[in-house]
Amino acid sequence: MRIYKYPILITVGDKAQTYMHKDAKVISAQVQNGRLMFWAMLDIVSDEMELRYFHLIPTGMEFECVGKFISTVQHAGIVLHIFEDDES
């Protein structure tokens with residue numbers, strides 16, 4: 001088992017995306033050196049990558065249930081609640 005770190009690559013509205021190793025299980029999200037990062041566990045590391053989608057929901061914003069809760073982080077003065085999209 002290994003843990004890898006992945007940066008968020010693109011954010012459009014409340015939706016973010018990044019490439020991760022196939023079958024990576026996201027275990028945390030935090031800000032590191034001013035950038036939002038994900039950490040994920042892998043049983044077997046392969047070269048196969050997949051695009052994963054996440055919702056970044058600010059505190060107080062109304063939203064529909066959008067997937068699995070990952071973490072709450074403070075970034076750029078905003079508290080964000082991060083959910084992995086059900087379609088990832």
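**Figure 1. E50, R52 and E84 are joined in a network of salt bridges.** A salt bridge is defined here as a side-chain nitrogen of Lys or Arg within 4 Å of a carboxyl oxygen of Asp or Glu. By this rule, the count for the structure is three salt bridges. The model is a predicted one, in which local features need pLDDT of at least 70 and side-chain atom pairs count only at pLDDT 80 or more, while totals for chains, interfaces and linings use all residues. Residues are numbered from 1 along each chain as its sequence is written, and side-chain values use heavy atoms, with hydrogens and water left out.

**Figure 2. The side chains of E84 and R52 form a salt bridge with an N to O distance of 2.6 Å.** This pair links distant parts of the chain, with E84 in strand β8 and R52 in strand β6 (residues 49-58), 32 residues apart. Strands (E, at least two residues) are DSSP runs numbered from the N terminus. Both E84 and R52 are buried, where buried means under 20% relative accessible area, exposed over 50% and partly exposed in between (1.4 Å probe, protein chains only).

**Figure 3. R52 also meets E50 in a salt bridge, at 3.3 Å from N to O.** E50 is partly exposed, its relative accessible area being 24%, whereas R52 counts as buried at 5% relative accessibility.

**Figure 4. A salt bridge of 3.2 Å, N to O, connects the side chains of D85 and K15.** Distant parts of the chain are linked by this pair: D85 lies in strand β8 (residues 78-85) and K15 in strand β3 (residues 15-21), 70 residues apart. D85 counts as buried because its relative accessibility is 10%, and K15 counts as partly exposed because its relative accessibility is 31%.

How values were computed:
Helix = DSSP H or I, 4+ residues; strand = E, 2+ residues; numbered from the N terminus.
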